[in-house]
Amino acid sequence: MAATPDPDEQRAELIDRWEFASSGWGKRAQRMREAGMAVSTWLIEQLSLQPGQRLLELAAGPGDTGFLAAELIAPGGTLITSDATEGMLAVARERAQQFDVKNVEFKQLQIEWIDLPTASVDAIVCRWGYMLTVDPAAGMSDARRVLKPGGRFAIAVWDRAPENPWATIPTEAFVQGGYLDPPERGGVGMFALADPDVLQQMLEDAGFVEVVIDSVEVIREYDAFEDYWGETLDLSPTHSRTLEPLSDEQRADVERRVRELTATYTDAGGALVLPGRSLVASASA
């Protein structure tokens, strides 16, 4: 029987992975803004934001979901853009300057214990962060603590693996070649909160009410295979670090396997259209 992972070691490893990936996310930030726009729009609409409010974005990465909402809380409102890693916050600061977002503060915060006073923010948004947290239930409970009574909470997590071949294909290729162990069921990862019933129960257990869960299509389109593969390696610390020590022959083998697995989604001209789906949820404190 495998030993139970140490939670603190898991947390340290996760932070290290995302620090490593922050430069790739900076490189691909505009692409990710566009790819996630439908999800970000759904989340923001659920928050019912008003001028003068305080909005916290958790696991913000490049920060674009919060930046899209910043004008809704102006004048007088403040966006708190937070992430667990300094690398991602550096990307977000640069993006804020690019989009001329003035009403923003930057904080290094953990999802599981939010270093802010109780009842200090009006709304919290988190796009694709909770499923990568060691204890998402603790994170939701602390989000409930930080929200003012009646405050709004909106999050996105990835739907089940079969709904997201853009994400599962590279992992399958590495596993097929023996370069990566199969993902553990029930562990921290993209699909850890992919069951809507589990997600709803977790939100209710944290003290949230008026829970709404829906799904949003997230289509990934690429002009060529090289665009998809390059983006995958830039954004996924697991895949890029697994590939790094491999020989040229092994790297070519991985790429060949990925090409074969994406053939179903490739047209005659070489363009790829890969399906994807995100769960989205909102609730009140």
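At 58% relative accessibility, E210 counts as exposed. The structure is a predicted model, in which local features need pLDDT of at least 70 and side-chain atom pairs count only at pLDDT 80 or more, while totals for chains, interfaces and linings use all residues. Residues are numbered from 1 along each chain as its sequence is written, and side-chain values use heavy atoms, with hydrogens and water left out. Helices (H or I, at least four residues) and strands (E, at least two) are DSSP runs, numbered from the N terminus.

**The sheet**

- Seven strands form an open sheet in the order β3-β2-β1-β4-β5-β9-β6, with mixed pairing; two strands pair if DSSP finds at least two bridges between them.
- The edges are held by β3 (104–108) and β6, each with a single partner strand, so one side of each has no neighbour in the sheet.
- On average, neighbouring strands of this sheet are turned by 15° against each other, direction ignored.
- Strand β1 runs parallel to β2 (residues 78–83), to which four bridges join it; L55 has L79 of β2 as its bridge partner.
- Strand β1 also runs parallel to β4, with three bridges between them; here E57 is partnered by V125 of β4.
- A right-handed β-α-β unit is made by β1, α4 and β2; right-handed means that, with the strands pointing away from the viewer, the path from the first strand over the helix to the second runs clockwise.

**Helices on the sheet**

- Helix α6 (residues 136–146) lies across β4 and β5 and runs at about 150° to β5. Angles run from 0 to 180 degrees between N-to-C directions, and axes are lines fitted to C-alpha atoms, for helices over the stretch in contact.
- Helix α8 (residues 196–205) packs on the sheet and touches β5, β6 and β9, its direction making about 150° with that of β6. Contact means heavy atoms within 4.5 Å.
- In helix α3 (residues 37–47), the buried residues are V39, S40, W42, L43, I44 and L47. Their cover includes β1 (54–57), α4 (64–70), β4 (121–127), β5 (147–158), β6 (209–217) and β9 (277–284).

**Helix α1**

- Helices α1 (residues 7–27) and α5 (residues 86–98) pack at an angle of about 20°, with their axes 7 Å apart. That makes α1 roughly parallel to α5, a term for angles under 35 degrees.
- From α1, the contact uses W18, E19, A21, S22, W25 and G26, and from α5 it uses E86, G87, M88 and V91.
- R11 lies in helix α1 and is buried, with a relative accessible area of 17%.
- Not counting residues up to four places away in sequence, R11 touches E112, W113, V134 and D135.

**Backbone exceptions**

- Most residues other than glycine have a negative phi, and most peptide bonds are trans.
- S48, in the loop between α3 and β1, has a positive phi near 50°; at 47% relative accessibility, S48 counts as partly exposed.
- E210, in strand β6, has a positive phi near 55°.
- The peptide bond from A74 to P75 is cis, with omega near 0°, and P75 is placed in the loop between α4 and β2.

Terms used. Buried < 20%, exposed > 50% of the residue type's maximum accessible area, 1.4 Å probe, protein only. Parallel < 35°, antiparallel > 145°, perpendicular 65-115°, else oblique.
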